[in-house]
Amino acid sequence: MKKLLISILLANLLAACASQKPVEPEAAAPEPAPVVEAPAPAPAPAPMVEVDPLDDPNSLLAKRSTYYPFDVSAVQDADKPIVQAHAKYLSEHPDRKVRLEGNCDERGSNEYNLGLGNRRANGVKQMLLLGGARASQIETVSYGEEKPRCTDHNEACWKQNRRTDIRY
Amino acid sequence: MLRVIKNIVGAVILLHVSTASAELSIEIIGAGENQIPIAIVPFGGEGKLALTIKEVVVSDLLRSGLFRMIDTEGLSPRDPADVSYPDWQARGAEALAIGSVAVQPNGRIEARFRLLDVVKQTELAGQAVSASGSQVRAVGHRIADLIYEKLTGDKGVFSTRIAYVNREGQHFRLVVADSDGYNEQTVLSQNQPIMSPAWSPDGSHLAYVSFETGHAVVYIQSLYTNQRKLLAGYSGTNSAPAWSPDGKQLAIVMTRDGSSQIYLIRPDGSDIRRITFSGEIDTEPNFSPDGQYLLFISDRGGSPQIYRMPAKGGSAERMTFGEGANFSPRHTPDGKGFVFTHRVSGKFYIALQDFQTGQMELLTEGGWEKKPSFAPNGKLIMFASEARERGILATVSSDGRVKQRMFTRSGDAREPVWGP
């Protein structure tokens, strides 16, 4: 979170003081961006600062959840580009790690849902591996129905709970 | 304190039991086919106790749905010689319990009671029960057990205990209580989920699932010393502990080889052996009373259904068919069938199925009814339900006639399991 804030601050500063030139969100800094004091007005073109694309709110990488129909664990077509974007990012950033957290709605037994959440997280893991991520970068966990985002007994609520969260 | 409302329409009785220091409230709906009319005379000397033995005995017997209380107003025999049988016959009593209690110099209480047959004018049973001064409930439960056994022929379960999980927001407590919900003790309290408590056959330990390390792991905890140890904490999930009847091993579910599969493990964590190989979700194992078989659920056929396999491993046989999905199977104490959660058309029911006939019988009206478990005598089934937007504990008699709902003080009661 701290890193995200710093990066956003940097991006804003650059946008304000340098030019309208969009910041290229490609190659990321191998190390955390250094904390910089407010830069003195620079006559020269701004130094190239690379922003971690994970922090770009307009990137697909800003999406960190996949959603599922009832009792389904396969990644849905609508969410595949998201998972593929994370796979590409992980393959390009071997130092980064993710934790995949599978969740379910309450319409099963707690134990069955623990299994289903595991299967959802594993489905995302397989797609990340196919996209070039390494197994050592990925941890999976299932919360089953134990950590609902929403607790009403209706589909509007349930569909929010049927999800895998991708946490860096 | 005790209010009985008789429904005008018929045999439906709604009973509400509560006390001033209520930890919970209990509602009873329905009645057994033949209720035994019994008079429980106030125990001599019980006025000195924090709560009376009579009130514990009466509420135990009423909760079973098998008894009807006869008014004792104006009659207070303490000894069989004082009993005027014609008076009790006139009031319609068939059985009569009398007794007295004394607080001894060391603070212990000693209760003596006799159960009399009013029709035959004979003594059916007599017993002295001694306990520490804080255990009036335990004394009452013991007496209620003896009355229940003498008059119904089945063992009483009023002295047994239950375990469940109480959830309040993000806070979880693993609770052990008397079977009536009173006398609750917190075994574990934390801000991470707790699931699937399972009693060791001797009632000395609970196995359960905890998320305190960030993922599901299985612990075994002693209820005497409160000491616990990690049974299984492998990567992925470790869950669904079930004890074998001899207590020498458990079946658990792990995902360390991919999907949820069933493994056997010794209580010290050694000798792990995988026994299902479906690659699908296999979970919720439950040993048969003879230890020879496991019931479990699997979605290998497309939807979650109940299967049975030899406990030492082998091929599985599907037990449930038809519309809907099925979860959380548990053998009946006599091993002839199983109780489970049945989901159909968006509702969850408690259902019973016989191995021989394969017939399924619904015991409840449906709603959010999950995770049934039998009382040791096989006459009552406890399950998780919901009422007034709260998770509650509920029981239903195995013939479906008598139901009760127990509202805990606060939060949602989940994952109940009846202990020895």
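Predicted model: local features only at pLDDT ≥ 70, side-chain atom pairs only at ≥ 80, totals over all residues.

Me: What makes A:Glu145 and B:Arg414 a salt bridge?
Reply: A salt bridge needs a side-chain nitrogen of Lys or Arg within 4 Å of a carboxyl oxygen of Asp or Glu. The N to O value for A:Glu145 and B:Arg414 is 4.0 Å, so the pair is called a salt bridge. Across the interface of chain A and chain B, the rule finds five salt bridges. In polar contact across this interface are 16 residue pairs.

Me: Which element gives the largest share of the side of chain A that touches chain B?
Reply: That is H3(A), with nine residues. On that side there are eight nonpolar, nine polar and nine charged residues.

Me: How is the size of an interface often given?
Reply: It is often given as the accessible area lost when the parts come together. Between chain A and chain B, about 2300 Å² is buried, and carbon and sulfur atoms give 54% of this area. Of the area that chain A buries against chain B, 29% is supplied by A:Glu111, A:Tyr112 and A:Glu146, more than by any other three residues. The contact takes 26 residues from chain A and 36 residues from chain B.

Me: Why is B:Arg401 called partly exposed?
Reply: Buried means under 20% relative accessible area and exposed means over 50%. B:Arg401 has 37%, which lies in between, so B:Arg401 is partly exposed. This residue is in the loop between strand S30 (390–397) and strand S31 (403–408) of chain B.

Conventions: Residues numbered from 1 in each chain as written. Chains lettered and ligands numbered in written order. Heavy atoms only, no water. Contact = heavy atoms within 4.5 Å. Buried area = accessible area lost by both parts, 1.4 Å probe. Polar contact = N/O pair within 3.5 Å; in protein donor to acceptor, adjacent residues only side chain to side chain. Helix = DSSP H or I, 4+ residues; strand = E, 2+ residues; numbered from the N terminus. Nonpolar A, V, L, I, M, F, W, Y, C, P; charged D, E, K, R; others polar. Buried < 20%, exposed > 50% of the residue type's maximum accessible area, 1.4 Å probe, protein only.
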